[in-house]
Each structure stands twice: as structure tokens, then as C-alpha cells.
Amino acid sequence: MYWIMLFISAGFLVLLFLARKQDTAPDTPSLLKPFYKAAMYLYKKICSRVTGIFASVQVEKDLLRLHPGEAGECVKTEYYVKKMAIFLAIIVLGSLFGAAARFSAQGAVILGEDGSLVRGNYREGARKIDLKAEYGQQQMHFQVNVEPILLTGEEADTLFTDFLDKLPACILGENESLDKVVCDLTLAKNYEDFPIDVQWESSKPGTLSSTGRLYTVEEKEEVTLELQLSYGEYKMTEEIKVTVLPPEISEEEQLYQEMEELLRRSQEESMEQETWKLPAEWRGEGIRWSQSVEDNSILLWIVSVVTAFMVFMLSDKDLHQQIEKRKKSLKKEYPGMVHKLALFVGAGMTIRGAFQKLAGDYEADCRDGGSQISAYEEVLYTCRELRSGVSEGASYEHFGKRTELQEYIRLSTLLAQNLKKGNSTLLERLREEADKAAEERLQQSKKLGEEAGTKLLVPMVLMLAVVMAMIMIPALSNM
């Protein structure tokens, strides 16, 4: 993982050096400026050599719809640079997190090359690690607790008495009683709610180990478990009699149990040492130990790469969704805008004056903190076209074409025909258009209400099922 992070970091630093003279927008967040500079440099280089990679006709059309009146090339550049900046940020940050995960995983390794495990102090407590033993052609995995250097504390007689009363039930495990032990016992070093250290010793470790592991026996055997309780400086020794019945285990399970017992004995012999030297051989054959640690660094890097590509590819889909949202907004705002046009024309204004009045009121509302409205943005753009010298007829036609909605195209045609033919019935037709738009909006509202009712059908059925269950279950339970 480190070489991947080194390669990505070196590449990104070289890219930053090459892109050091690139400019970013003033409102770009400080943390993202390096990525925007690198993205701008890559965009310019790629466009100069591979012209078709950033040439999606649909994307360019959607961008122009969302940003009417702005330079198309500038909008396109800003869009693709933003996509590439996010892509680079995900790759770099994902690699950083992956390297951190790798470092964390390696920090958990406490097994030395000589097979020694470094113990912690009593404040750190026991550390649970995974070990892998390569013995001959077999590989075995073990999970062991590396206990800290043994220290002592104070004692309490009443606590020991209470603990010994509850201990038999705590060590039973899945057995019915201590007189019929057929599976492992729970011989732990500590038990919940009791701050007591317990050291177990079995009179027959080949039958029942000091860890509670049950080995193969051919007949019933009596085993004495000697336990030494310690709490601070106080110690107490007790014995528990158990009856072991022959368990049924496979040869592989037997091998695992014997190896685990070997580990236990090895640790007990090194309890007073700072390191625990793992057994180097068993039954004349060498054991190769390695520690298993969870290393998700490569996975994090792969996820970051996949996420970056998905964000880059799905941004165009999000752009299309913005276009659809804009169309819905335009449809919703159309009746109110046409009604205002009819009102202004009826008051004696020209069409141009009515458009300027709509644009002026909208700009004043925006200055007071109002939100942007798509329909009035198009009206404002039309007024700017008129001020720049574009003819009224062409401006109204552009107004309809930019929206790509039948309602606006119909309105723009009506306004353009009025200029060409001098239609004296303009006010009447505008009022008819306003009434028609209001009726269409009412029909659309009814349709949306019906769709909402259909969507609510499933939760209503689920609620009915819950109510029926609340009624039927008590009734059936009393029968």
C-alpha cells in the first residue's frame, strides 16, 4: 500500500508543480484549491491533445440551459474542471486513508522476527492477537491473549466468598453440570462483575486443560481443577471436582487442541519475562509463526478509485436531473408570469415594457434576499438581449426556444406575431393564455394528488396489517 501512496503522492506533487501558475475562482475553498489547479492543468493538456474526450453534446446543451447568457466554453470548462477536481480529491484522500490504515495495521504487530511477543505493562492490559502457525504442510490459526507483566493489589475475603458461590454456574459453559462435562468449560482469567484474577491448574491437563479445553478421553475421568484467586496481595486456593465424559472430536481438532495447550504452557513459563518466546518446534518438526492483522488499506484504495470514477461518470446524470427540475419549475411558474403580462398589457404597457417591469421587480426581489426563479431568469435574459440590440421578435423567439417547453414557445410565437402583424386582440389572447395555463396547472395538481394517493397506498396497507395484528393477537392469546 505504501508504494501506491508514494506513487500517487509523487504524481500529485509533480502535477501541482506543473499547475502552480493556474488560477482558481475566488470562491474556491482553500483545501480544494490544489485539486482545482491540478484539474485545470490536466483539462487544458487533455483538450489540446484529445479533443473528443470532453465533447458531450448533451452535456453542453444542458449547461447552456442552466446558465443562459453565460459563455458556453467558460461554463463547460468550469463544469469539467470541478468534476476532475473532485475525482483527484477522492483518489488522493482515499490513498491517504489507505496508508493510515496500513500504518495502523502494522502498528498492531507485536511479534518479532525471532518469534518473541513483547508484553505490555499492567495499565495496557492484555492484548488479543491472531497467530498463524505453519507446521509441516498444515497452517493453523490461533487467537491468544498476550498478558501484561503480572502485578498484584489488595484483597477482600467477602468478595472471594461471593465469587466462589457463583463460580460453578459461570464455568459450566454448555454443560448441564460439573458431573457431566462433555464440552469445553469456561475457565477464564477474569469474570464479569468480579475484579479477581483467576489462575487455573488442571490435575490432568491431557484431559482437561487449564484453559477449559476438553481433549479426547476413552472413558469417564475425574479431574480436579485447582484455582488460585488473587485480588491485590490477597490469595486463596480452592479445588473444584469435575467429571469428564468422552467427547467426540476429529483428529484435526485434537491436533489444534494440543497445539493450543502448547501455546498456553509456553506463555505460563514466560509470565515473569518481558517477552514471550513462542515454541520453535513440536514433535521434532519446526513451527513457522506469523501474526494475522486486519489490513484494509488496499480495499480503501480500491473503494476510493471506484467512488472517484462513479462520481465523475454520474455527474452528467445529475446535470440532466437539474434540467428536468428546471423544466418542472418553469411549468409551475408559467401561469403566474402570463397573468402578470396580461395585467401589465391591460394597464397600457407595451410588451417590451411589461418584460422590463417583470425583470425589474424580479431583480429588486433578489436584492432583498429572494430566491432565483427560472422563468424570471429567462425574462431577465430576454431584457438583456433587448438592451444589447437584438430585435424584439428575435428576443421573444429565443425566449421560447431556450425553455424548450410548449407553453413558452406558444407565448413567444404569440408575442412575435403581434410585432409582425400588429394583432389588436393581443390582450384578449394573453388573458385566454393565462386562463388556459391556470387550467393546465389545476389539472397537473390533480394528477400529482392522484399519484400521491397511489404512493400512500402501500404504507396504508401496512398500517392496516399492524392494526389487525394488534387486535387479533390479544384475542387469539385469550382463546
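This is a predicted model: local features need pLDDT of at least 70, side-chain atom pairs count only at pLDDT 80 or more; totals for chains, interfaces and linings use all residues.
**Ground rules.** I number residues from 1 along each chain as its sequence is written, and side-chain values use heavy atoms, with hydrogens and water left out.

**Entry: Glu404.** I noted a positive phi of about 60 degrees for Glu404, although this residue is not a glycine. Its relative accessibility is 35%, so I put Glu404 down as partly exposed. My classes are buried for under 20% relative accessible area, exposed for over 50%, and partly exposed in between (1.4 Å probe, protein chains only).

**Entry: aromatic pairs.** I pair rings of Phe, Tyr and Trp (its six-membered ring) if their centres lie within 6.5 Å; planes under 30 degrees apart are stacked, over 60 edge-to-face, and the rest tilted. With this rule I count 10 aromatic pairs. One of them is Phe142 with Tyr256, a stacked pair with 4.8 Å from centre to centre and 20 degrees between the planes. This pair links distant parts of the chain, since Phe142 belongs to strand β3 (residues 138-146) and Tyr256 to helix α6 (residues 251-269), 114 residues apart. Phe142 is buried because its relative accessible area is 3%. Tyr256, at 28%, is partly exposed.

I then turned to Phe399 and Tyr408. Their ring centres are 5.7 Å apart and their planes stand at 65 degrees, so I class the pair as edge-to-face. Phe399 and Tyr408 are both buried. These two also belong to a cluster, in which ring pairs link Tyr334, Phe355, Tyr396, Phe399 and Tyr408.

**Entry: salt bridges.** My rule asks for a side-chain nitrogen of Lys or Arg within 4 Å of a carboxyl oxygen of Asp or Glu. The count by this rule is 12 salt bridges.

Within it I checked Glu268 and Arg264, whose side chains form a salt bridge at 2.2 Å, N to O. The two residues are about one helical turn apart, because 4 residues separate them in helix α6. Glu268 is partly exposed at 38% relative accessibility, whereas Arg264 is buried at 12%.

Next I looked at Arg402 and Glu378, which meet in a salt bridge of 2.6 Å, N to O. Arg402 is in helix α10 and Glu378 in helix α9 (residues 374-387), so this pair ties together parts 24 residues apart in sequence. I find Arg402 buried at 16% relative accessibility, and Glu378 is buried at 2% relative accessible area.

A further salt bridge joins the side chains of Arg410 and Glu433, at 2.9 Å, N to O. It links distant parts of the chain: Arg410 lies in helix α11 and Glu433 in helix α12 (residues 426-455), 23 residues apart. Arg410 is partly exposed, with a relative accessible area of 24%, but Glu433 is buried at 9% relative accessibility.

**Entry: surface patches.** I build patches from residues with over 30% relative accessible area and no salt bridge, joining like charges within 9 Å and nonpolar side chains (Val, Leu, Ile, Met, Phe, Trp, Tyr) within 5 Å. Which residues make the patch of negative charge? I find Glu201, Glu226, Glu238 and Glu239 gathered there on the surface. Of these I looked up Glu201, which is placed in strand β4 (residues 197-202) and is partly exposed at 41% relative accessibility.

The nonpolar surface patch covers about 790 Å² and is made by Leu464, Val466, Val467, Met468, Met470, Ile471, Met472 and Leu476. I traced Met468 to helix α13 (residues 457-477). Met468 is partly exposed, at a relative accessible area of 42%.

**Entry: Phe312.** I located Phe312 in helix α7 (residues 297-346). Its relative accessible area of 18% makes Phe312 buried.

Note on methods. Accessible areas come from the Shrake-Rupley method with a 1.4 Å probe; for residues, only the protein chains shown count as cover. Lys and Arg count as positive and Asp and Glu as negative; His and the chain ends are not counted. The place of a charge is taken as NZ of Lys, CZ of Arg, CG of Asp or CD of Glu.
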